[in-house]
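Please look at the sequence and the model before reading on.

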Amino acid sequence: MAAQVPERDEKAVRALVENIAATFADWGFPRMAARVLILEMVSEEDTLTASELGERLGASPAAISNAVKYLTHIGMLTKEAVPNSRRDRYRVTDQSWFTTSVLKAGFIERLAASADEGIVAVGGQDTNAGKKLSEMRDFYSFLGRGMADLMRQWEREQAQAHESIDEPA
């Protein structure tokens, strides 16, 4: 007897997209970009066109255009031309979470460096402003080091997981 595949609950999937997008938006991620990204993640298709994204999200072409531009810029989506057409299809990039986190790690390092420069600008770390900027620099330096360690750990775990999948049973 074959295992029964659970039926997809589209209402629950739409609620999931909105819920996760709201969480991303609370973190400062553009809401429409979050909706597009999560829709791509929950779609059975590997790629979707801008019109398919707009139709499924009930969003305007301009909103979708801005969202996919943002997502391709930060490396979460790739754009693929549709042969013999003026349309493009969008795909979640391989390792998109990893890639974006690494990009964010560069952002974290820049914040630490900027805070360090700011300490000099405000007259040193013995000033009130310098103390606050020192704490900011130290926190982002710590976070950057931790992020690098976590990314290396993630790569190791993914490699091990793929090795175990590739091993014959």
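Helices (H or I, at least four residues) and strands (E, at least two) are DSSP runs, numbered from the N terminus. Proline 61 is placed in helix H4. The model is predicted, so that local features need pLDDT of at least 70 and side-chain atom pairs count only at pLDDT 80 or more, while totals for chains, interfaces and linings use all residues. Residues are numbered from 1 along each chain as its sequence is written, and side-chain values use heavy atoms, with hydrogens and water left out.

Buried means under 20% relative accessible area, exposed over 50%, and partly exposed in between (1.4 Å probe, protein chains only). Proline 61 counts as exposed because its relative accessibility is 71%. Its C-alpha atom is separated by 7.1 Å from that of serine 51, 10 residues apart along the chain.

Helix H3 spans residues 50–57, and its residues Leu53, Gly54 and Leu57 are buried. These residues lie on the same side of H3, because they cover an arc of only 95° around the axis; the arc is that of the directions from the helix axis to the C-beta atoms. In contacts (heavy atoms within 4.5 Å), the buried residues of H3 pack against helices H1 (10–26), H2 (31–42) and H4 (61–73), and against strands E1 (48–49) and E3 (88–92).

Two packed helices are described by the angle between their axes and the distance between the axes. For H2 and H4 the angle is about 75° and the axes are 8 Å apart. This makes H2 roughly perpendicular to H4. Axes are lines fitted to C-alpha atoms, for helices over the stretch in contact, and angles run from 0 to 180 degrees between N-to-C directions; angles under 35 degrees count as roughly parallel, over 145 as roughly antiparallel, 65 to 115 as roughly perpendicular and the rest as oblique. From H2, Met32, Ala33, Val36 and Leu37 meet Ala63, Ile64, Ala67, Val68, Tyr70 and Leu71 of H4.

Two strands pair if DSSP finds at least two bridges between them. The pairings are tabulated here.

| Strands | Sense | Bridges |
|---|---|---|
| E1 and E3 | antiparallel | 2 bridges |
| E2 (residues 77–81) and E3 | antiparallel | 5 bridges |

Arginine 89 in E3 is the bridge partner of threonine 49 and also of glutamate 80. E2 and E3 form a hairpin with 6 residues between them, and asparagine 84 in the turn has a positive phi of about 60°.
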